[in-house]
Amino acid sequence: MKVRVLLVDDEEQFVEPLAMRLEARGFAVATAFNGEQALDYIKGKEVDVVILDVLMPGLSGVDTLRELKKIRPLTEVIMLTGHATVETAIEGMKLGAFDYLMKPTEIEDLVGKINQAYRRKAEHEERIQRATLERIAQTRGF
Amino acid sequence: MFRWLRKKLKEFFSTLREFPDYAESPERYKLLRRNIVVLMLVVTILPLTLMGLINHYLYRQAMHDEIVRPLKILVNKTKHSFELFLAERLSTVSFIASSYTCSELADNNNLSRIFSVMKKEFIGVVDLGFLDPNGVQVSYDGPYKLRGKNYKDHDWYKETRVRGAYVSDVFLGYRKLPHIVMAVERSVPGVCLGCVLRATIDTNRFMELIASMRLEPDSDAFLLNKKGVFQTPSKFYGQVLETFPMPLPPLSYEPNVVETEDPNGREILLTYAYFESLPFILMVIKPRGLVMQAWYTLKTEAFFIFVAGVLLIFLVVFKLTDKLVKHLEESDLRREAAYREIQESSKLASIGRLAAGVAHEINNPLAIINEKAGLIKDLTQFSPDFPQKDKLLSLTGTILQSVDRCRTITQRLLGFARRMEVTVESLNLNEVIEEVLSFVEKEALHRNIELHLSLAQDLPRIASDRGQLQQVFLNIINNAFEAVEDGGRVTITSFEVDDDTVAVSIQDNGQGMTQEVMNHIFEPFFTTKRGKGTGLGLSITYGIVKKLGGDIKVASKLGEGTTFTVFLPKKAQARKGE
């Protein structure tokens with residue numbers, strides 16, 4: 001199954017080619033151009049990794065992240081930032097983002113990070129699954 | 001002359017008032033020093049001098065009066081003694097002349113008897129004679145043979161006949177001895193008109209009177225007649241009947257004092273008095289030095305005190321002004337340095353903000369270029385038979401490389417401006433240096449650069465940020481490596497400065513730099529490595545060191561090398577809001 005990626009950035013010219021390049025590298029990429037769109041999308045569909053720009057008009061990256069984590073706590077988020085907002089990115093990581101990357105990024109770095117994030121999410125889900133299974137097993141044991 | 005002086009004075013005072021404006025010239029302090037010194041000297045020495053002078057004159061006046069008054073009293077007293085002495089004898093002669101008849105007086109026996117009585121009563125009377133109206137001495141008693149002498153042509157006789165009574169000045173007469181004559185014309189009406197009784201007075205008696213003044217050996221007293229002829233001998237100026245060698249002082253019947261110089265060149269104080277009814281002047285001469293000795297002593301003492309005071313004032317004024325102006329100069333320098341530092345850091349801060357803004361704004365379009373070029377590359381790469389595939393790949397490769405370069409620049413820019421939090425830990429500075437050296441050892445080996453380490457083994461641990469310090473030292477050591485030729489030498493020294501500070505100096509024997517370059521090295525974008533450097537290395541270094549509460553000092557000489565010294569506080573005192 002392809003890793004599902006949601007790319008959120010207000011720069012269309014940035015989002016589109018990056019989406020195409022990620023697709024070319026085997027990801028299922030959806031795009032959103034601001035925080036609200038991203039949250040709308042996430043309500044409807046399951047996503048593995050969200051790539052989230054920190055500095056956006058309207059709902060900011062951090063706010064988006066906060067809302068997003070409420071809706072889908074397991075979805076991993078990679079913050080994308082201009083250098084000056086590293087602190088914001090760090091704040092994002094405290095709120096549960098997986099990592100941050102600085103713009104402009106090498107595509108290989110991004111791909112690597114997405115894969116890591118996905119693995120973590122997968123592990124996380126697996127643990128949850130196992131826990132659920134154990135609980136079921138225990139219940140059955142009674 | 002006067003106008004010129006006034007102009008000069010005016011010029012000088014105008015320079016006192018106006019303060020030179022050119023703040024950095026050393027002239028300013030010289031002028032300031034001069035002005036303060038002059039003003040202080042004027043306001044202290046002027047009143048002192050004035051007071052000294054006024055005191056001097058007042059004292060002199062008082063002393064003078066004090067010295068002169070006893071002299072005057074003495075002269076007056078002696079003058080009175082003389083007058084009394086002569087008046088007594090004259091009135092006796094007059095009494096005898098009136099109380100005897102002509103024939104009684106003409107009789108020599110009678111006259112002898114009168115004379116013997118008179119001699120007993122009045123000392124100083126030498127002889128007594130009676131002259132008939134023709135001027136012939138008809139009777140006489142005394143030690144000389146003067147009976148029958150004719151005095152008709154003698155001055156004293158003529159004067160007596162004119163005035164009725166007369167006291168002569170000293171003359172020699174027939175006896176060839178100095179004496180004075182007092183003569184009285186008989187004035188009893190009718191009987192033997194024109195007869196004259198005369199007595200001679202010994203001038204020795206005068207000397208006794210003068211001796212009774214009890215003068216010091218240096219002093220002199222004598223009697224002159226009104227023509228300036230000595231009536232009594234003088235110690236220094238001549239014998240009886242010689243002429244007084246100085247011009248006579250102005251007429252004064254009251255004792256008067258004149259300061260003058262005698263023919264021997266001595267400064268003298270001449271006290272004198274003219275006699276009203278007698279042809280004499282009494283003179284007392286004292287050397288001025290003797291009289292004024294007390295005054296001179298006082299004057300010398302006062303003068304020494306004055307000179308010492310002035311010297312002291314000079315000393316104090318000069319020292320004080322020197323200290324004051326030096327202090328001022330130092331504080332000016334400090335203020336200037338502080339001002340420059342503030343200027344520098346605010347410049348750096350604003351440039352930093354600008355850089356951050358620019359970098360951020362550029363990063364976004366750069367990201368787009370990056371992705372578009374990346375996409376082109378992807379497309380080309382992933383389609384197997386794309387025409388001119390290689391060319392396109394190399395083109396996109398170049399674009400991506402350029403983007404990479406841009407990104408390096410913007411990231412450094414941001415690094416310069418960014419507000420990374422300082423993570424303070426206790427660390428050994430020597431360790432940090434050694435860690436940094438591990439990065440550059442290879443290059444040193446390769447370029448045959450002699451790395452000389454002189455690290456203080458007992459260097460205290462300091463609280464600071466390891467990562468940032470590594471960057472600082474790496475930057476400076478890299479610069480040193482770039483400054484030296486292959487085979488050059490770089491010396492790294494760590495040492496303790498004082499209780500609060502440690503320092504590391506990195507010294508190279510490379511090309512050095514000019515003062516002009518040195519002034520700008522910490523400014524962002526200033527670089528001497530045209531095309532190779534961003535000009536941010538040292539400004540970032542400077543920013544970090546400042547943030548860590550330290551300081552960097554540079555010393556450099558063109559052609560001899562450069563020394564960077566990084567001072568770091570032992571305790572963390574990271575500056576905020578940088």
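Two residues are taken to be in contact if their C-beta atoms, placed from the backbone, lie within 7 Å. In this predicted model, and leaving aside neighbours within four places in sequence, M182(B) meets that criterion with R89(B), L90(B), V93(B), Y166(B), V167(B), R198(B), A199(B) and I201(B). M182(B) also belongs to the largest nonpolar core, which has 56 residues, and is listed there with V93(B), A183(B), L197(B), L282(B) and M283(B) among the residues that have the most contacts inside the core. The largest share of this core, seven residues, is contributed by helix 2 of chain B, which spans residues 27–99.

Chain A contains five helices and five strands, and its elements follow the pattern β-α-β-α-β-α-β-α-β-α when read along the sequence. Of its 142 residues, 40% count as buried, and among the contacts in chain A between residues at least 6 apart in sequence, 61% join residues at least 24 apart. Chain B has 13 helices and 16 strands, and buried residues make up 28% of its 578 residues. In chain B, residues 24 or more positions apart account for 60% of the contacts with a separation of 6 or more.

Between the chains, 21 residues of chain B are in contact with 15 residues of chain A. On the side of chain B that touches chain A, helix 8 (293–382) and helix 9 (389–417) each supply at least two residues, and the largest share, 15 residues, comes from helix 8 of chain B. Divided by class, this side of chain B has nine nonpolar, seven polar and five charged residues.

Within chain A, the packing of two helices was examined in detail. The axes of helix 2 (residues 35–44) and helix 3 (residues 61–71) of chain A come within 10 Å and cross at roughly 10 degrees. Because angles under 35 degrees count as roughly parallel, helix 2 of chain A and helix 3 of chain A are therefore described as roughly parallel to each other. On the side of helix 2 of chain A, the contact is made by G35(A), A38(A), L39(A), I42(A) and K43(A), while helix 3 of chain A contributes D63(A), T64(A), E67(A), L68(A) and I71(A). The residues of this contact between helix 2 and helix 3 of chain A divide into five nonpolar, two polar and three charged. The buried residues in helix 3 of chain A include G61(A), V62(A), T64(A), L65(A) and L68(A). Seen down the axis of helix 3 of chain A, the buried residues fall within an arc of 155 degrees, so they line one face of the helix.

Elsewhere in chain A, the peptide bond from K103(A) to P104(A) is cis, with omega near -15 degrees. P104(A) is placed in the loop between strand 5 (99–102) and helix 5 (107–141) of chain A.

Several individual positions in chain B were also characterised. V138(B) lies in strand 2 of chain B, which covers residues 137–141, and is partly exposed, with 18 other C-beta atoms within 10 Å. Leaving aside its neighbours within four places in sequence, V138(B) is in contact with A106(B), F130(B), L131(B) and D132(B). The C-alpha atoms of V138(B) and N150(B), residues that stand 12 apart in sequence, are 9.2 Å apart in space.

Positive phi values in residues other than glycine occur at R214(B), where phi is near 50 degrees, and at N448(B), where phi is near 60 degrees. R214(B) is found in the loop between helix 6 (204–211) and strand 6 (220–225) of chain B, whereas N448(B) has its place in the loop between helix 10 (429–447) and strand 11 (450–455) of chain B. R214(B) is exposed, with 9 other C-beta atoms within 10 Å, and N448(B), with 10 C-beta neighbours inside 10 Å, likewise counts as exposed.

Conventions:
Residues are numbered from 1 along each chain as its sequence is written. Chains are lettered from A and ligands numbered from 1 in the order in which they are written. This is a predicted model: local features need pLDDT of at least 70, side-chain atom pairs count only at pLDDT 80 or more; totals for chains, interfaces and linings use all residues. A nonpolar core is a set of buried Ala, Val, Leu, Ile, Met, Phe, Trp, Tyr and Cys residues joined through C-beta atoms within 7 Å. A residue is buried if 20 or more other C-beta atoms lie within 10 Å of its own, exposed if 12 or fewer, and partly exposed in between; C-beta atoms are placed from the backbone. Helices (H or I, at least four residues) and strands (E, at least two) are DSSP runs, numbered from the N terminus. Ala, Val, Leu, Ile, Met, Phe, Trp, Tyr, Cys and Pro count as nonpolar, Asp, Glu, Lys and Arg as charged, and the others, Gly among them, as polar. Axes are lines fitted to C-alpha atoms, for helices over the stretch in contact, and angles run from 0 to 180 degrees between N-to-C directions. Angles under 35 degrees count as roughly parallel, over 145 as roughly antiparallel, 65 to 115 as roughly perpendicular and the rest as oblique. The arc is that of the directions from the helix axis to the C-beta atoms.
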